[in-house]
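I opened the model to look up its surface and its confidence. My entries follow.

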Amino acid sequence: MSDSSSIPASTLRGLRWSMIATGAIAVLQFVYSAVMSRLLTPADFGLMGMAMVVISFGSYFAQMGLEQALIQRQDLQPVHVRATFTVALVLGLAATGIVWLGAPLIKHLFSEPGVVEVLRAMSFTFLFTSLGATSLSLLRRRLAFDLLARIELGSFLFGYGVVGLGMAWAGYGIWSLVGATLTNQLLTAVVAWLYVRHSLSPPIRWEHYQPLLHFGGAVSAVSILEFVGSNLDRVGIGRLLGTWSLGLYNRTLMLVHLPLYHLSNSISRVLLPSYSSLQNDLPKLRQLYLTAITLSVWILLPLAAGISAAAEPIVRVALGPQWDAAIPLLGLLALVVGFNLLTMYSGALCEALAKLKFKVALQSCLIVVMGAGLWVSSHYGLTAMVLTILAVEVVRNLAYQLAIRRYLSISIAELWSCYWPALFTGLLVAIVLGSVRLGLAALHAGALLQLLILLPLGAVALFGQLLMPWNRFVRMRFYHEIREHLRPGPLRDRLINLLAPSPVGRRPKGWVAANVRSVLVKRFSRTLLGPVAGSLPASAARSLVEISGWDSLQPHVSAIEELEEPQVVYYDFPIYYPTYFRRHKAFGARFAYSLRDVCVSPYSGLTWIPAANVTLAESIGSVRRLAGWGNNTPELLLPLQPLAASGPVVVCPPSPFFHWLTEILPNTLEAKRRWPDAKLLLPPAAACPAYMGQALALAFGPDWEQQTVRADGAVRVPQLQLLPVESDAGFVHPSAIHELRQTFLSPLPEEDIPGRRHVYISRRLATARQLADEAQLEEALNDLGVEIVYNENLDFSEQVQCYAGAQTIIALHGAGLTHMVWANPGLDVLEIFPNGYFNDCYARLATALGHNYQYIAAGTSQQAVVGGALPLKEIIGRVEQLIVSPSSSILQPA
């Protein structure tokens, strides 16, 4: 199981907004129906119901799966959008015309002449729906359910609340229902198009329509089969057992189905675009599917078991004692609805993967099996027919799981691990609630009192089992999703502490005392240091990509643009090099961020957002860096000042030379190229090393100071343009190398580059890692014709020129080796490690640049204290070989 969230933030955000919209519309629909029922007659609603039977059936043909086809398509181009709109419009016009012309025939079906004019008016539903179908599908594809919620709620309020109620109040009768429906649909279509504004011109070539019609036609066939299958139970029970049995079945089913209908409708709108966006990333799609199934089945199956155990008080309170015959059906139908809802996840996944032939074949077979099963079981009564329906739903779910096991390469063990905790938990819930209900019944407690006791008890019995060993897998799923997606706060902290993993599946000895100490330390830290610094390291390095879906971050993120895809870089060291020479690095995707109203330190580049209680990993790299040489944590406690500049800025903080040259400077150069008007945010000049000003002047010209804004302390920046700092210190991204060479070498005239020469970078003028016998080494190297270079005596441009023409660079480990970036491939590099010190950063940089790298370790110690003398004889011997036979085969180090 993954140690991070499997559900993307965009999916959860879409689910939240979809549920908000669906729930709000359900409440408004209830209020609307209550008011309209007092203004209209039952005959008006009857006529509308007759018309809606035809409209509902016709929509399966008029829509033809176009929404799913547009959402599922991987390489969506503007021409595909135009083709979708054209087909939708043609189908809408055709359906409107057919229903208009065929309306007189429908009156014979219902024996009601008044339905003709109503149906002709309602036929424009197909046209209005077709006008907005493409725009709404594009919004769903983008998971813009917040915008969809506003469109749907606004259209509903105006269509039904203003037009519908207004016409009913004015005495228009049935036409108020028609006017409300048509206004709602037309307004939804117009507003959605105004947000999307896709082209309305039809494509000419047939190949633009063919895949759309092929996929949409298959979806339409599946929808028709599902419509038949979903109504076959009612048709079979009504025809074989009569109206009384059908009424009992239908009323009991609605008792379970209605609470879950809006939930299933909200989820189904989000699943297809979420699955489709991951159709080419099977590992993420697999994790998303398994997480969704695990969490859903853990809720639904124990819920069905609890309903079954408490069926008697539920029926008597909700329906009354005259419906006692529904008691044995309620638990079974709860399972039917639960498995039906779980099948929705699988069906949406098959559509996302374009596995529609399987859905058609499965649905066709199940219709035949259910029809035969209902006919056989009808001889044994209604309960037997319900058991048949449940068996068909179980078989349907099993068939989907076996198919998806093949599509996503999921093992049977993984699928079983999704179901068995829910089955065991549901069994215990049923035992607990059943035992308590029997005890309450023996005490002659009323149905309402039993229900009031069983409801909270069921919740405790269900969620209390999360802490039990058999639910450890489920608990970890909840833990990761809550940790990644729940807004920081006391509730999140309590849930995380409650669900936190333990290595053996149970709380270790002393866990309670340790947890109390941990909570006290966290609270004291946050009280003393504030919500951001006090939450370190948990909140110190959260990636913007990871948390960009947080509501608290939405006001601060203007745009996120992907610059480069992930890549793996291999460093080709000889096989006999020790394992601590790291041989590969996986660089993640690089993004450019446009941020608003964030806090920035010009001394380190550390960026944080107090409103969200997070610091941004992209600004500093990692927690290790945050607590490392930069010691940046106190910056979070500094008083904030507003930045003098109002336009966009790019922070360019000082840093040790290697990290500034390979991380900060390339980001600054690329940022200024992407955002030319952005100013550089720097600390006061006294805090900036000389090489910073020299390099920036060389890159941006002598007037570079006019492009900067300086701040002495943490500032609140209105607009920040941010490129990410690599999280692993010492690993240089290939784009950084390209940026440096393109900026500083390309404009360098050939005559300014000295001839090929052998260079030793002295550390005698440096302040760290000096050795007593380095003067003897320099004298011996000078005798071999090696030039001794003191970087401290050269400005930045002179250093670039010096090393651009080097043939050999010899140096003690130190920042001067970074200048190998200016040399052409094939440079010979000899790095000398003092005894007790090792870092492979320059070895990796050399191999990434195509140089020939060797090293000498002055001793075998790997301790923190540098000491010992240089092995002068070995160094001189190695240098003689390099000079006599440059670029020769690499010798094995001593």
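I began with the nonpolar patch, to which helix α1 (residues 9-39) gives the most, with four residues. Helices (H or I, at least four residues) and strands (E, at least two) are DSSP runs, numbered from the N terminus. The patch consists of Val27, Val31, Val35, Leu39 and Trp169, with about 500 Å² of accessible area together. Areas come from the Shrake-Rupley method with a 1.4 Å probe; for residues, only the protein chains shown count as cover. Patch residues have over 30% relative accessible area and no salt bridge, and nonpolar side chains (Val, Leu, Ile, Met, Phe, Trp, Tyr) are joined within 5 Å. A salt bridge puts a side-chain nitrogen of Lys or Arg within 4 Å of a carboxyl oxygen of Asp or Glu.

I placed Trp169 in helix α7 (residues 145-169). Trp169 has a relative accessible area of 73%, so it is exposed (over 50%; buried is under 20%, partly exposed in between, 1.4 Å probe, protein chains only).

Next I noted the caveats. This is a predicted model: local features need pLDDT of at least 70, side-chain atom pairs count only at pLDDT 80 or more, and totals for chains, interfaces and linings use all residues. Numbering runs from 1 along each chain as its sequence is written, and side-chain values use heavy atoms, without hydrogens and water.

I then checked pLDDT, the predictor's confidence in each residue, from 0 to 100. The protein averages 78, and 76% of the residues score at least 70.

Conventions:
Patches are made of residues with over 30% relative accessible area and no salt bridge: like charges are joined within 9 Å, nonpolar side chains (Val, Leu, Ile, Met, Phe, Trp, Tyr) within 5 Å.
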